[in-house]
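Work through the exercises below with the sequence and the structure open. Try each task before reading its solution.

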Amino acid sequence: MANHDLMIGQSHNLALRQNQRLVLGHDHNLGLSQNHDLELGQTHDHNLGLGKAHDHDLGLFHSHNHKLDLGQRHDQEGDVGHSYGHDNEFGTDQKPDHGDNELALSENNELTVSENQEFDDSLALAVDDSQDMGIDPARDLQHSQMVVSLPPVLQVRNSNPSYELAVGQEFPDVKSCRRALRDTAIALHFEIQTIKSDKTRFTAKCASEGCPWRIHAAKLPGVPTFTIRTIHGTHTCGGIAHLGHQQASVQWVANIVEQRLRENPNYKPKEILEEIHRAHGITLSYKQAWRGKERIMAAMRGSFEEGYRLLPQYCEQIKRTNPGSIALVYGNTTDNSFHRLFISFQASIYGFLNACRPLLGLDRTFLKSKYLGTLLLATGFDGDGALFPLAFGVVDEENDENWMWFLSELHNLLEINTENMPRLTILSDRQQGVVDGVESNFPTAFHGFCMRHLSESFRKEFNNTMLVNLLWEAAHALTVIEFEAKILEIEDISQDAAYWIRRIPPRLWATAYFEGTRFGHLTANIVESLNSWILEASGLPIIQMMECIRRQLMTWFNERRETSMQWGSILVPSAESRVAEAIEYARTYQVLRANEAEFEVISHEGTNIVDIRNRCCLCRGWQLYGLPCAHAVAALFSCKQNVHRFTESCFTVATYRKAYSQTIHPIPDKSLWKELSEGDPDANKSVQVIIHPPKSLKPPGRPRKKRVRAEDRGRERRVVHCSRCNQTGHFRTTCAAPI
């Protein structure tokens, strides 16, 4: 079988003796061209031999030279010399300037790669002992191709001069010695097993079975310094053959990412994994990265339990740094576990009562922290239509009793800060606890349902986009005639849908019937508007969450105050734009004057009556939005009146600046609270009050979520028809209509 060529790839010759297994004998050449699936990474020289005193070249991938050695050591090239027995154990003594990879074909024909390559032990590069290949020795196979499927490279020990350990090397103490050995093991990709570790000595060995490497360090007499006394043997292991690293503990991960997390608390566990793999070459689990991050975040922000314990002191700091603010915390009477928290800053109270629209939106979002809970929000709207958060409540769970309490606290703060309680318009969902709370605490307020919640309930019931769109059009209708026309359209499609809508009094949701002033706001839409930061804050410990909210409010107040100083108009930008649009429409209208206050305005849409004394128009646009409609503008122009004088005061720039004239002040770090509160009797009392975490502990496991694919958002759903009743929204099999 001498001088037979075994070539793989295009136009290569494959020649073996007939009925013989794949054997590499005398002077056989095994060549693998560039396009083969057997890759050995970097440009290193690999020394291998086959048989006794015979040279066999295995050319792999470009200019890499690999030699095979089975049995005795003969004619090995390169600077690294190793002796292999018949059991093919690996020696890994290497020089720093060589990244040599070594291959061995063991007795069961397995291909093993040490140094920077790692293959599964069960991978075999050979034909199974039970399989024969009958190939004509002289026959050329032009398109034969050998494909070797290799698992991904994991971790293989390499050299790193900066992590080399040497006899006589000293460390300040035993902890520093352990850290240095841990870092070396991670950097050079081997694991260690501690044999002895106490205050005076430290001994460890390589965790790989059969590897002789061992290290011993001891304390120098009279000083705390540790020094390496002995390092026995060199590594004969081939690196780590599994994911992770025994020395890459959670604390090690925390130390690695601490600085990055302090710079960017939003650093994700996935990014931590990528950074560790890129910098250290090891692959850790997601949970380990998450736990390492949580350990640092807990040190930075405090634990969840500490947050509840410090709540009384935090409330005192709010009242001390922001005089006039309200901060109240309540515990359960039985075990003093957390029950309720109510916070409202004085700057928000002043701005809402003196400069905002008399409109409040109520909403809630569920907390994602360790102990769950619910965040309740009461938010006003400034003259430019932006959200103006007024009060926040945190409760252990959302129920009717807690909503009643929250609205009671809200009523109290408004009552004690103004002589004349404004007649508010309140928007919320249809939850019974909210409805009862509004009726009890704000009996004179106009209560309207948030259309977002209403339309979602309607969509769940009928699942028909056309019907949902008609519902919104009915809600936006300014007159009763327009509203009833939309309801009739819904009834033509589905009588059940029309019946469902009519059961809800239109005065609670329809613009045409609503008695209060909603200023065009059909939805509270608070959580969605604050979604960019409120949801992120909801997973923090309670004090950190409230601090995140306070910082956001503080930033908003400052930015909006500075922005308004640059406005040169009389009205805020959104109101100025709306009035300018009305002026353009008014130029084409004909105006007839009845007396000093009443006008008849004729347009292509019809005739409308305007009363400038009572600031109303038959189209109801002036009353509903607080700004003169196009008909009112035409009437005002006809009698040479200034349009800006007939807008609600909350739309003026002067009033807008008043809304943000107060400042929300920072709160010092918790480490200074005790020092700053010395001599304050109220603060001393708060220190004595201990609030324990609530009992609503977050259940284990990942919460279920109803996911909506990005490509499906905004896509109009297909309208289904029933072949039995000819209505939309359901199929024949689920039809319940009487026929």
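Two strands pair if DSSP finds at least two bridges between them. Helices (H or I, at least four residues) and strands (E, at least two) are DSSP runs, numbered from the N terminus. The model is predicted: local features need pLDDT of at least 70 and side-chain atom pairs count only at pLDDT 80 or more, while totals for chains, interfaces and linings use all residues. Residues are numbered from 1 along each chain as its sequence is written, and side-chain values use heavy atoms, with hydrogens and water left out.

**Exercise 1**

Task: find the strand order of the open sheet of 5 strands, and what packs on that sheet.

Solution. 
1. The order is β8-β12-β11-β10-β9, and the pairing is antiparallel.
2. At the edges stand β8 (170-171) and β9 (192-197); each has a single partner strand, so one side of each lacks a neighbour in the sheet.
3. Inside this order, strand β11 (residues 214-219) pairs with strand β12 (residues 226-232) in the antiparallel sense over 6 bridges. Histidine 216 has threonine 230 in β12 as its bridge partner.
4. Helix α1 (residues 174-187) packs on the sheet and touches β8, β9, β10 (201-206), β11 and β12. Contact means heavy atoms within 4.5 Å. The direction of α1 makes about 10 degrees with that of β10. Axes are lines fitted to C-alpha atoms, for helices over the stretch in contact, and angles run from 0 to 180 degrees between N-to-C directions.

**Exercise 2**

Solution. 
1. Strand β22 (residues 606-611) and β23 are joined in the antiparallel sense by 2 bridges; valine 610 has cysteine 617 in β23 as its bridge partner.

**Exercise 3**

Task: describe how helix α11 (residues 465-476) and helix α12 (residues 480-493) meet.

Solution. 
1. Two packed helices are described by the angle between their axes and the distance between the axes.
2. The axes of α11 and α12 come within 8 Å and cross at roughly 165 degrees. Therefore α11 is roughly antiparallel to α12 (angles under 35 degrees count as roughly parallel, over 145 as roughly antiparallel, 65 to 115 as roughly perpendicular and the rest as oblique).
3. From α11, Met466, Leu467, Leu470, Leu471, Glu473 and Ala474 meet Phe483, Lys486, Ile487, Glu489, Ile490 and Ile493 in α12.
4. The residues of this contact divide into 9 nonpolar, no polar and 3 charged. Here Ala, Val, Leu, Ile, Met, Phe, Trp, Tyr, Cys and Pro count as nonpolar, Asp, Glu, Lys and Arg as charged, and the others, Gly among them, as polar.

**Exercise 4**

Task: which strands are joined to strand β18 (residues 425-428), and which way do its residues point?

Solution. 
1. Strand β15 (residues 359-366) runs parallel to β18, joined by 3 bridges. Glycine 361 has leucine 427 as its bridge partner.
2. Strand β19 (residues 446-449) also runs parallel to β18, over 4 bridges, and isoleucine 426 stands opposite histidine 447 in β19.
3. Thr425 and Leu427 point one way from β18, Ile426 and Ser428 the other way, and all are buried (buried means under 20% relative accessible area, exposed over 50%, partly exposed in between, with a 1.4 Å probe and protein chains only).
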